[in-house]
Amino acid sequence: MEQQYDFGLIGLGVMGRNFILNVADNGFTAYGNDLDEEKVNALKEEGGDLNKVNATTEVATFVKALARPRKIMMLVPAGKIVDTVIEGLLPHIEKGDILIDGGNSFFTDTDRREAHLSEKGIHFFGAGVSGGAKGARKGPSIMPGGSKAGYAAVQPIFEAVAAKYKGEPCVAYLGPKSAGNYVKMVHNGIEYGLMQLTSEIYDVLKKGGDFDNDELHHTFQKWNEGRLASFLVEITSEIFEQEDELGEGRLVDQILDKAKQKGTGKWTSQNAMDLGIPVPSIDIAVSMRELSALKDERVKADDLYDRPEVEMIDQTVLEKMAEEALYFSFIVTYAQGLHQLADASKEYGYNLDIATIAKIWRAGCIIRAGLLADITKAFQTDAALPNLLLSSSFVDKVKGTVASARELAAYGAKNGIPLPGLSNSLTYFDAYTSSRLPLNLIQAQRDYFGSHTYERLDREGIFHTEWES
């Protein structure tokens, strides 16, 4: 009888190849499939031992090589291609087999696919994988949700390949249906926010303190050794050191300021609006990527309008203020994303445990940060915590940094340095912590022009007024 492999993976691009090699490194045999023969051969060559890692371009051969129940993971681009791969597999797999979507599929697509496959007796679940190509190879954070029985069969493999935080694997079953893909979507939304904030702080240090690339490198490196310790701060410090191999100086200065996106941040923002959950730090991060794409228009506009002469700040003073402002806005961005997860859990029946989500984000993923250990404790203390800003363990952290956030946002406005992520984080905080907002006027306006009614502070009921001109 031919060898039966423990795990199958479809899609041998950089992520897929690294993930399957990670599986093999952890003592499981793995078999890959891709339509591209070059990718198949590349995996065979890198894997070395065909008894541990093998691959084929033929779907039938691929499925036949897997031990029952077959455990098949797809790492292919989100969208129609996922459905195409599934339909191509159906003639070859059978009841009880397990199919996993490891891509960034939109959560409603995952719900549809699970319903379709469960009718055929196939266990299906979405599993968000974060950590990039290096994470896939050395240990990603994995966010599975869907068929609980399907996950149980794959759990030993996923726990072996996942990143470890103090020995704990950064993977856990998150909930039914599309819980895994939804959590990964919001993870990416938070990622958008943190990246935007980091870029703004870079901009203000450079323009307001005349930091050169070496000084920026050392500043972010120092921050990464403190309370801002995180993957994004760490790689930012390294980016400033990278020499330009195609020219002179540092590479970062030659990169075009047009940021692209694959849609997960936009999905987070759109769905938050559907749920009625405010996530302005994420919203503006998406908008800024869209604004950055208008490069030609921005260049023309720059010529048309004057900009204030930047008032320089002592580097030591600015560095302290920037660190505190970035820490404050990081907390607020996590608070918004986790608030969205808590509300979506109720809306979609996911029954998410926010503490567990924060735990599996502590290592491996793009938004891993020292803050997540504190966030985990906050939700372990109060599982029903509606917003991180209401946690007693975060009140002093916010109180100690919000003044710098205010000062830096005001400095940016006065000097024409755009800080929309920081400003939106601050505005969200001020609004969320205000017991009274001016929305009473909006309700009066709505009732005036559209008879939309309003409620009162002093008595129960719904009211309408015939407003006089």
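Visitor: In this predicted model, what covers the buried residues of helix α11?

Guide: The cover over the buried residues of α11 includes α5 (107–118), α8, α12 (280–292) and α14 (315–348). The residues that are buried in α11 are T264, G265, W267, T268, S269, N271, A272 and L275.

Visitor: How should I read the spacing of such residues along a helix, and how far does α11 reach from its first C-alpha to its last?

Guide: The general idea is that an α-helix has 3.6 residues a turn, so residues three or four places apart point the same way. In this structure, helix α11 (residues 264–275) has 12 residues and reaches 16 Å from its first C-alpha to its last, which is close to the 16 Å expected at 1.5 Å a residue. After α11 comes G276, whose phi is positive, near 80 degrees.

Visitor: How do I describe two helices that pack together, and at what angle do α8 and α14 pack?

Guide: In general, two packed helices are described by the angle between their axes and the distance between the axes. For α8 and α14 the angle is about 165 degrees, and their axes lie 10 Å apart. Because angles over 145 degrees count as roughly antiparallel, α8 is roughly antiparallel to α14. The crossing of these two helices, α8 and α14, is right-handed, and by class the contact of α8 with α14 has 18 nonpolar, nine polar and one charged residues.

Visitor: Is α8 oblique or roughly antiparallel to α9?

Guide: The axes of helix α8 (residues 179–209) and helix α9 (residues 213–224) come within 11 Å and cross at roughly 135 degrees, and that angle makes α8 oblique to α9. As for handedness, α8 passes α9 in a right-handed crossing.

Visitor: Which residues in α8 and α9 meet each other?

Guide: On the α8 side they are T198, I201, Y202 and L205, and these meet L216, T219, F220 and W223 in α9. Sorted by class, the contact of α8 with α9 has six nonpolar, two polar and no charged residues.

Visitor: What separation do the C-alpha atoms of R112 and E245 have?

Guide: The C-alpha atoms of R112 and E245 are separated by 47 Å, and these two residues are 133 residues apart along the chain.

Notes:
Residues are numbered from 1 along each chain as its sequence is written. This is a predicted model: local features need pLDDT of at least 70, side-chain atom pairs count only at pLDDT 80 or more; totals for chains, interfaces and linings use all residues. Side-chain values use heavy atoms; hydrogens and water are left out. Axes are lines fitted to C-alpha atoms, for helices over the stretch in contact, and angles run from 0 to 180 degrees between N-to-C directions. Helices (H or I, at least four residues) and strands (E, at least two) are DSSP runs, numbered from the N terminus. Angles under 35 degrees count as roughly parallel, over 145 as roughly antiparallel, 65 to 115 as roughly perpendicular and the rest as oblique. A crossing is left-handed if the near helix is turned anticlockwise from the far one by less than a right angle, and right-handed if clockwise. Contact means heavy atoms within 4.5 Å. Ala, Val, Leu, Ile, Met, Phe, Trp, Tyr, Cys and Pro count as nonpolar, Asp, Glu, Lys and Arg as charged, and the others, Gly among them, as polar. The expected span of a helix is 1.5 Å times one less than its number of residues. Buried means under 20% relative accessible area, exposed over 50%, partly exposed in between (1.4 Å probe, protein chains only).
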